[in-house]
Amino acid sequence: MNSSEYEDKAGRPSRPPSPKQNVRKNLDFEPLSTTALILEDRPANLPAKPAEEAQKHRQQYEEMVVQAKKRELKEAQRRKKQLEERCKVEESIGNAVLTWNNEILPNWETMWCSKKVRDLWWQGIPPSVRGKVWSLAIGNELNITHELFDICLARAKERWRSLSTGGSEVENEDAGFSAADREASLELIKLDISRTFPNLCIFQQGGPYHDMLHSILGAYTCYRPDVGYVQGMSFIAAVLILNLDTADAFIAFSNLLNKPCQMAFFRVDHGLMLTYFAAFEVFFEENLPKLFAHFKKNNLTADIYLIDWIFTLYSKSLPLDLACRIWDVFCRDGEEFLFRTALGILKLFEDILTRMDFIHSAQFLTRLPEDLPADEVFAAISTVQMQSRNKKWAQVLSALQKDSRDMEKGSPSLRH
């Protein structure tokens, strides 16, 4: 076919076909699929398939069909198993919700420390009752009311307006804190809110929880001007907001930060922080002697990875659903569980970490894998023993605090 004939047939001008297209056009057949290539006879202008080859091709095709059916069956079985597991989990959660709502919460004071409740707690609190359980477990020793939150928030908003208009009024209770300090704290809150769970977007400017987070952090700086805002607080407040109303989140937040461990870290009490690290190392050496020795050899101290974990209660370092499960048991067991969790994480990755040098270990622990399975982490945590020479966490910490105080007085006590 010459070019003019091609144009006539196509009904419009076109470039001549390529040599490859010419070859294709000269074929007397157009194979429709791999199946066709295997099963169909060759075109008349080509030698016929030998019977042996045709039989071989048919067998290959039948094998392909069998394998495809096997894959389909396997995939169907996998989907069925996934569905069954999901239904089982949903049923388990549904039953747990009923137990929490109907049995435990109405009888909190008598039931919360029972073995049945503690076992149920370990498995994770259902999201629908999590906020209520956290509030009860954290408590309200500070006796903060919704009205006090409103007062602190109104004061914070007034301060923001004053700073934004260049005002210099200093309220009586803030006499020891300069306007520059307060403004720096306010700017830090703004900056940190934008960096809180950035993947979720809900805390970003214009997001549904941005103003709530801003309100809690601002109100807290008015409630505790002696502490002010410290980096890491935004993650704790954000997790509470996801599970509680604003005022209740503020109450839980303020009481949580008032616990001895959190207060030591957020007030940056270096002496007490070092005591916590020392207590942690006692149990580290007890549970993971090989990794402990490896870290000592490489000068990898606990503060390098623990500070971020403790400051944000793991909410910045672990997947959010896993962090919430850590919070569940932290609310049950207190500060000890934060350090037990750290040992669980170290145990989970012990083999990897013992092969790493200082730099790689530090990088790994400050940027943990994003897909950590909760069951594996909790399995590792469950094997950690928080007892050293018949002393529990609280006893070890208390003894180290006493040693620290005695050393400050110049008369260190003998350690037993």
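These are my notebook entries on a predicted model.

**Core.** I looked up the largest nonpolar core first. It has 111 residues. Trp100 and Leu346 have the most contacts inside it. I then listed the contacts of Trp100, leaving aside neighbours within four places in sequence. They include Leu105, Trp108, Trp121, Pro126 and Val133.

**Thr341.** I found Thr341 in helix α18, residues 335–348. Is Thr341 buried or exposed? Its relative accessibility is 0%, so I count Thr341 as buried. Beyond four places in sequence, Thr341 is in contact with Tyr314, Ile326 and Ile381.

**Helix α16.** I took residues 303–311 next. The buried residues there are Tyr305, Leu306, Trp309, Ile310 and Phe311. Which elements cover them? I noted α11, α13, α14, α15, α18 and α20 among them. Just after α16, Leu313 takes a positive phi of about 50°.

**Salt bridges.** My search of the whole structure gave 13 salt bridges.

- Glu75 pairs with Arg79, with the closest N and O atoms 3.4 Å apart. Both sit in helix α4, 4 residues apart, so about one helical turn separates them. Glu75 is partly exposed at 30% relative accessibility, and Arg79 is partly exposed at 46%.
- Asp119 meets Lys115 at 2.7 Å, N to O. They are 4 residues apart in helix α6. Asp119 is partly exposed at 36%, whereas Lys115 is exposed at 61%.
- Asp333 meets Arg118 at 3.2 Å, N to O. Asp333 lies in α17 and Arg118 in α6, so this pair ties together parts 215 residues apart in sequence. Asp333 is partly exposed at 24%, and Arg118 is partly exposed at 28%.

I also found one network: shared partners join Glu75, Arg78 and Arg79.

Technical notes. Residues are numbered from 1 along each chain as its sequence is written. This is a predicted model: local features need pLDDT of at least 70, side-chain atom pairs count only at pLDDT 80 or more; totals for chains, interfaces and linings use all residues. Side-chain values use heavy atoms; hydrogens and water are left out. A nonpolar core is a set of buried Ala, Val, Leu, Ile, Met, Phe, Trp, Tyr and Cys residues joined through side-chain atoms within 4.5 Å. Buried means under 20% relative accessible area, exposed over 50%, partly exposed in between (1.4 Å probe, protein chains only). Contact means heavy atoms within 4.5 Å. Helices (H or I, at least four residues) and strands (E, at least two) are DSSP runs, numbered from the N terminus. A salt bridge is a side-chain nitrogen of Lys or Arg within 4 Å of a carboxyl oxygen of Asp or Glu.
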